[in-house]
Amino acid sequence: MYYQDAWRMARAANRPLATQVGLRYGLLAAAFALVQVIVSNTTTANYQGPLIALQQLNNPVAGTVPLDALLPPLIVGALSALIGGILTLIISYLAASTTAHLTRDAGLGQRAALITAAISGVAWTVLGGLGALIGGTDGFFLVVNPFSTQSLPSQVAGIAFIAIARGALIGAFTLLPAWFFGTLGAQAGLSRP
């Protein structure tokens, strides 16, 4: 009974440290999210012409769109998101390892990993939405179409909604692997002298 009370008190005392470590590593992961959004949105903006032509396929004047003109933004968007996700998991592992080493508590290491992943997911979602509002692209294949019958603000709002929804969905799915990597990182942190 006394041991459990001491353990709870130690965990409660170290919880702010785990939160602080998670926040710091989360900001690092958010920096990579910013780079991912900039790279994918810039690439998509550079391929705006073929992407608009793809959106106008039902228009006979638009002609055909060569596949090699469409693949670069899709590949860059997907690869940069994948690399960003892998970096988030690595950073979550490091946050868990550091926290577990400092607190000697694996549960607090997992907490730091989840905080790191959550901050990264929220940052990617917000930055993706801002990138859509500023650049008029979702970073994959949607761009503002000047030939569309929809108004410019409604197109931008739709693209931003898609970017935000995708970011929130992927961010939520990242929490489970982050917890797993946090568990591994916490065990590694506990085994360090």
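**Entry 1: the loop residue**

I started at Arg104, which sits in the loop between H3 and H4. For the helix labels I rely on DSSP runs, numbered from the N terminus: helices are H or I with at least four residues, strands are E with at least two. Arg104 is not a glycine, yet I find a positive phi of about 60° there. I noted Arg104 as partly exposed, at 45% relative accessibility. My cut-offs for that are under 20% relative accessible area for buried, over 50% for exposed, and partly exposed in between, with a 1.4 Å probe and protein chains only.

Before going on, I note that this is a predicted model: local features need pLDDT of at least 70, side-chain atom pairs count only at pLDDT 80 or more, and totals for chains, interfaces and linings use all residues. Residues are numbered from 1 along each chain as its sequence is written, and side-chain values use heavy atoms, with hydrogens and water left out.

**Entry 2: the whole chain**

I counted up the secondary structure and got 5 helices and 0 strands. Along the sequence I read α-α-α-α-α. The C-alpha atoms fill a box of roughly 80 × 30 × 20 Å along the principal axes.

Of the 193 residues, 38% are buried. The accessible surface comes to about 10,500 Å², and carbon and sulfur atoms own 74% of that. Those areas come from the Shrake-Rupley method with a 1.4 Å probe; for residues, only the protein chains shown count as cover. I also looked at contacts (heavy atoms within 4.5 Å). Among those with a separation of 6 or more, 79% join residues 24 or more positions apart.

**Entry 3: helix H1**

Which residues does Arg11 touch, neighbours up to four places away aside? I find Asp105, Gly107 and Leu108. Arg11 is in helix H1, and its C-alpha is 8.8 Å from that of Gly107, which is 96 residues away along the chain.

Asn14 is in helix H1 too, and I have it as partly exposed at 22% relative accessibility. Beyond four places in sequence, Asn14 is in contact with Thr103 and Leu108. I also checked Asn14 against Leu176: they are 162 residues apart in sequence and 23 Å apart, C-alpha to C-alpha.

Is Gln36 buried or exposed? Gln36 counts as buried because its relative accessibility is 6%, under the 20% limit. Gln36 belongs to helix H1 (residues 2-46) and touches Gly77, Ser80, Ala81 and Trp124, leaving out residues up to four places away.

**Entry 4: the salt bridge**

I found 1 salt bridge in the structure. The term here means a side-chain nitrogen of Lys or Arg within 4 Å of a carboxyl oxygen of Asp or Glu. The partners are Arg166 and Asp138, with the closest N and O atoms 3.2 Å apart. This pair links distant parts of the chain, 28 residues apart: Arg166 is in helix H5 (residues 152-191), and Asp138 is in the loop between helix H4 (106-135) and H5. Asp138 is buried, at 5% relative accessibility.

**Entry 5: nonpolar cores**

A core here is a set of buried Ala, Val, Leu, Ile, Met, Phe, Trp, Tyr and Cys residues joined through side-chain atoms within 4.5 Å. The largest has 7 residues: Ala132, Leu142, Val144, Val156, Ile159, Ala160 and Ala163. H5 gives the most to this core, with 4 residues. Apart from it I see another core of 5 residues, including Ala96, Ala100, Ala106 and Ala113.

I followed Val144 further. Leaving out residues up to four places away, it touches Gln48, Ile52, Gly136, Leu152, Gln155, Val156 and Ile159. Gly158, in helix H5, is 14 residues from Val144 in sequence and 9.8 Å from it, C-alpha to C-alpha. I have Gly158 as partly exposed at 31% relative accessibility.

In soluble globular proteins, nonpolar side chains tend to be buried together. I picked out Leu79, which is in helix H3 (residues 67-103) and partly exposed, with a relative accessible area of 46%.
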